[in-house]
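Subject: Structure for you to look at

Hello,

Here is the structure I promised to pass on. Please open it next to this message, and read the notes below it.

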Amino acid sequence: MPYLHSIDVVNFRDFRNRTFRFAPGLNVIHGANASGKSSLIAALNFGLTGSDPDAHGNVALSFQDGETVLNLRRMKRRNGEEAYSIDEDVVPKREYEEELMRMGINAIHLPIMIHTGLGWERVDQFPAKVSKTIEKLESRAGEISTQMKLVRRQLRNSPSSSRRAKELNDNLEELTQERKVLFDTRTLPNFNRRMQEFYGMLVGDPVQAVALRSEGRRTGLSGVELNIDHGPRGRGFVSEMSKTEKTRAAMSFAMALCEATTSRLAVFDDVDEVDPNGFRRYMDGLEGCATRLQVLVTSRHGGFANMAPNSIVLTVMVHIQSVYIRKYFSTSRTQFEFTSGVNCLPGGNSSGKTTLVAAINFTLLGPECERFTDKRGDVFVSFFLGDESVTFHRINDEESETYTVDGVEKTFEEYKKDIEAIGMKSQHLSFLINFESYEYFVEESKKLANLVELMNPESVTLLEEREEIMERMEQLSTANESDTEAQLKLRLEQISRERKNVFNALLPTLSTELTKNYKDLCANKEASLTLISPNAQSPKKNLQLIAKDSPSEFFFEFSGGQRTKAAMSVLFALIKEAGLPFLIIDNMEDRVHYESLEEFASGVQKVAHRAGLQLIITSRRTKFSDLIGHHVKSTVFLY
């Protein structure tokens with residue numbers, strides 16, 4: 001059966017020119033809010049001729065069936081003009097839709113095939129429409145419908161009291177009865193069987209079964225309602241289901257419909273499992289469903305995406321576009337241009353590599369920059385944001401300190417908020433722009449545990465809430481409001497437990513990504529790297545990195561090159577978890593053995609691509625810089 005192999009998106013919503021490739025089976029699209037997950041799903045809907053009057057752009061879909069590839073393209077301008085093509089040949093819209101129909105994709109079914117979190121409402125609120133949709137799955141039902149239309153047409157041409165009219169009415173009654181019996185005894189049971197199989201996989205419990213039932217009606221053709229058999233708990237309709245149950249039931253309905261119509265493609269946007277402890281069961285269920293059709297799922301959780309056999313990482317498409325150093329250290333009037341992928345700045349000692357990294361640090365962290373705090377400078381850093389760019393400018397001279405954003409002067413607090421608005425907090429920046437060996441962050445368990453928590457969005461939310469409560473309690477202690485203080489203390493205890501649960505649930509999924517990275521960086525398929533905490537009640541204590549590819553299991557026993565690769569594996573996994581847009585590393589390959597540089601360079605590029613981030617590195621080893629990627633070019637202005 002054909003499967004969706006790739007989608008090219010040009011000038012559609014947030015995308016200027018992006019290509020996304022998919023595999024048969026399960027594909028998880030991961031990214032933070034505003035990273036483009038829903039835009040990608042909307043582009044797919046657009047390419048499949050979904051109705052959205054405001055959508056415009058150029059979307060190409062590639063379907064593969066063995067060695068055969070079919071390319072479909074839909075274009076729509078802002079003025080409403082549309083064009084369709086099949087394998088680059090321009091065709092009418094009708095022919096384009098007929099080609100999709102041959103693959104089982106009917107535009108009528110798109111609101112269910114492409115599930116956006118409201119599918120269960122459609123199933124619940126329009127029972128008669130659901131019945132008609134399911135009835136069309138049975139070929140005999142289509143034949144009966146055609147015969148009934150013919151009989152009604154003949155009735156209109158026959159006198160109402162004639163013998164012919166009576167025969168036609170009897171025939172119509174027989175066909176109506178056959179249609180009802182067919183739906184109740186074959187169509188609906190067959191569909192429910194499919195749906196129950198999918199639901200059992202998704203919830204990991206075959207005892208629980210979801211079904212469409214015609215409760216209180218003579219036949220299901222009058223309308224069906226969605227309900228779940230909870231085993232010992234009995235039966236519950238949609239109004240009695242939890243949000244997770246509603247979502248899983250609607251997903252089961254959508255996948256059963258996709259399989260029955262032979263479209264073999266089901267897409268689910270914004271249907272995350274909210275409990276990290278349920279990630280593994282949910283992933284196993286999705287993988288089971290994906291053995292029967294291709295499934296695309298979006299997720300905001302890096303830990304969940306790390307479990308997927310195929311994942312696509314979307315960032316907010318933010319990357320450093322250029323740096324202009326008017327004056328910093330010995331560098332002046334020099335501009336550096338960057339790409340969104342891997343960038344390498346080669347050069348020996350005293351060549352200005354570290355000056356560039358320091359200048360970015362100086363500009364983005366302002367007075368919070370812990371390195372070279374007494375340094376004067378005048379530096380511009382420009383970020384690409386998709387449709388536009390933004391430039392941050394810091395001047396620190398003997399007389400004053402000024403901050404501007406796109407030429408508008410700001411206070412430092414305003415300046416800092418503008419930087420956070422594009423996805424970077426100061427605590428992240430001090431980690432993303434670093435001059436020391438990253439081993440510093442992972443060699444001590446306390447530093448490593450703090451870093452893991454800092455880079456997890458759920459943990460950060462809990463930490464921020466904890467900080468707010470602590471501030472409130474300080475204010476309350478002077479006002480002597482004991483009842484409120486007791487409530488706040490109770491919430492602090494809850495936050496502490498939630499932090500432990502999040503941390504414990506994060507370690508297995510983070511270890512999965514660590515191993516992927518470590519295998520690539522070591523060029524060793526047998527390598528593995530695991531985060532282990534011996535005490536689940538105090539998971540941050542004695543957190544350790546354990547490797548299984550050498551006699552040296554513990555990080556402090558690793559060789560220099562092994563320590564670098566392990567630290568890099570942690571670094572990229574955490575940045576992917578946090579959904580951060582870029583990373584800057586100064587002389588990352590220094591401790592890697594010369595003979596391993598080629599494998600290491602290849603691994604770095606693979607890992608950076610999987611993390612979906614911009615990587616800027618400096619290198620003083622020519623062999624490594626020649627292998628690694630785009631060389632940053634600098635332009636010196638003489639005026």
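Two strands count as paired if DSSP finds at least two bridges between them. Helices (H or I, at least four residues) and strands (E, at least two) are DSSP runs, numbered from the N terminus. Within this pair, Ile-114 stands opposite Val-267 in S12.

Before going further, note that this is a predicted model, in which local features need pLDDT of at least 70 and side-chain atom pairs count only at pLDDT 80 or more, while totals for chains, interfaces and linings use all residues. Residues are numbered from 1 along each chain as its sequence is written, and side-chain values use heavy atoms, with hydrogens and water left out.

S8 and S12 belong to an open sheet of five strands with parallel pairing, in the order S8-S12-S13-S3-S14. Strand S8 (114–115) and strand S14 (311–314) are at the edges with a single partner strand each, so one side of each has no neighbour in the sheet. Helix H8 (residues 243–260) lies across S8, S12 and strand S13 (294–299), and runs at about 155 degrees to S12. Axes here are lines fitted to C-alpha atoms, for helices over the stretch in contact, and angles run from 0 to 180 degrees between N-to-C directions.

The loop between H8 and S12 contains Arg-264. Arg-264 is not a glycine, yet has a positive phi of about 60 degrees. Is Arg-264 buried, partly exposed or exposed? Its relative accessibility is 23%, so Arg-264 counts as partly exposed. The cut-offs are under 20% relative accessible area for buried, over 50% for exposed, and in between for partly exposed (1.4 Å probe, protein chains only).

Helices H7 and H8

H8 also packs against helix H7 (residues 163–203), at an angle of about 130 degrees and with the axes 8 Å apart. The pair is therefore oblique. Angles under 35 degrees count as roughly parallel, over 145 as roughly antiparallel, 65 to 115 as roughly perpendicular, and the rest as oblique. The crossing of H7 and H8 is right-handed; a crossing is right-handed if the near helix is turned clockwise from the far one by less than a right angle, and left-handed if anticlockwise.

Among the residues that meet here are Phe-191, Arg-194 and Met-195 in H7 and Glu-245, Arg-248 and Ala-249 in H8. Contact means heavy atoms within 4.5 Å. The residues of the contact of H7 with H8 comprise 13 nonpolar, one polar and four charged. In this count Ala, Val, Leu, Ile, Met, Phe, Trp, Tyr, Cys and Pro are nonpolar, Asp, Glu, Lys and Arg are charged, and the others, Gly among them, are polar.

Helix H7 also holds Thr-187, which counts as buried because its relative accessibility is 5%. Apart from neighbours within four places in sequence, Thr-187 is in contact with Ile-134, Glu-135, Glu-138 and Leu-182.

Ile-395 stands opposite Thr-402 in S20.

Strand S16 (residues 331–337) includes Arg-333. Phi of Arg-333 is near 50 degrees, which is positive in a residue other than glycine. Arg-333 counts as partly exposed because its relative accessibility is 34%.

Helices H18 and H19

Helix H18 (residues 560–578) and helix H19 (residues 597–611) have axes that come within 9 Å and cross at roughly 15 degrees. H18 is therefore roughly parallel to H19. Their crossing is right-handed. Thr-564 and Lys-565 of H18 and Phe-600 and Val-607 of H19 are among the residues that make the contact. By type, the contact of H18 with H19 has six nonpolar, one polar and three charged residues.

The chain as a whole

The protein chain has 20 helices and 28 strands. Of its 639 residues, 51% count as buried.

Regards
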